Each structure stands twice: as structure tokens, then as C-alpha cells.
Amino acid sequence: MARVIRQRSDDVGMERLRRAAWWDWPADLVTGHARTLMAGTPADIERIAADHGQEKSL
């Protein structure tokens with residue numbers, strides 16, 4: 001059984017990532033923003049999703 005050891009982001013950050021749902025983005029959007037996806041904040045990723053109409057409501 002898996003268990004959480006540590007989270008990379010707080011609850012607010014996790015919510016932002018779920019709304020951004022970058023794993024559902026088109027490949028060209030992921031490729032174009034790879035650096036932000038790897039090193040940016042959840043707020044940065046959420047902003048990209050919103051700017052490109054990819055943000056999801058939860």
C-alpha cells in the first residue's frame with residue numbers, strides 16, 4: 001500500500017494543479033511550457049492553463 005511521504009505543494013497549490021490539469025493539455029502546450037511545468041509554481045501553471053482555455057472547474 002502506498003503512503004504519502006511528503007507533498008511538494010500545500011493544499012492550495014495542489015488545488016491549483018488540479019484546476020490546471022496540465023496532464024490533459026495538448027502536447028504542443030506542454031512542450032512550449034516544459035520549463036515552467038518542471039520548475040514553476042502551481043500559480044504559474046494555473047495561469048498558463050487559464051490563458052490557454054485549459055483550466056478546469058472542480
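On a 1 Å grid over the protein atoms alone, a pocket is an open set of points with protein on both sides within 12 Å along at least five of seven lines, and lining residues have an atom within 4 Å of a point. The model is predicted, so local features need pLDDT of at least 70 and side-chain atom pairs pLDDT 80 or more, whereas totals for chains, interfaces and linings use all residues. Residues are numbered from 1 along each chain, and side-chain values use heavy atoms, without hydrogens and water.

**Exercise 1.** Determine which residues line the largest pocket.

*Solution.* Step 1: the lining consists of R8, S9, M14, L17, W22, L37, M38, G40, T41, P42 and I45.
Step 2: helices are DSSP runs (H or I, at least four residues), numbered from the N terminus; α1, α3 (34–39) and α4 each supply at least two lining residues.
Step 3: the space in this pocket is about 280 Å³, a volume being that filled by probe spheres set on the points.

**Exercise 2.** Describe how α1 and α4 pack.

*Solution.* Step 1: two packed helices are described by the angle and the distance between their axes.
Step 2: for α1 (residues 11–20) and α4 (residues 42–51), the angle is about 25 degrees and the axes lie 8 Å apart. Therefore α1 is roughly parallel to α4 (angles under 35 degrees).
Step 3: from α1, G13, R16, L17, R19 and A20 meet P42, A43, I45, E46 and A49 of α4, where contact means heavy atoms within 4.5 Å.

**Exercise 3.** State the pattern that the protein chain follows along the sequence.

*Solution.* Step 1: the chain has four helices and zero strands.
Step 2: read along the sequence, the pattern is α-α-α-α.

Definitions and conventions
Axes fitted to C-alpha atoms, helices over the stretch in contact; angles between N-to-C directions. Parallel < 35°, antiparallel > 145°, perpendicular 65-115°, else oblique. 1 Å grid on protein atoms, 1.4 Å probe; cavity = no way out; pocket = protein on both sides within 12 Å on 5 of 7 lines; lining within 4 Å.
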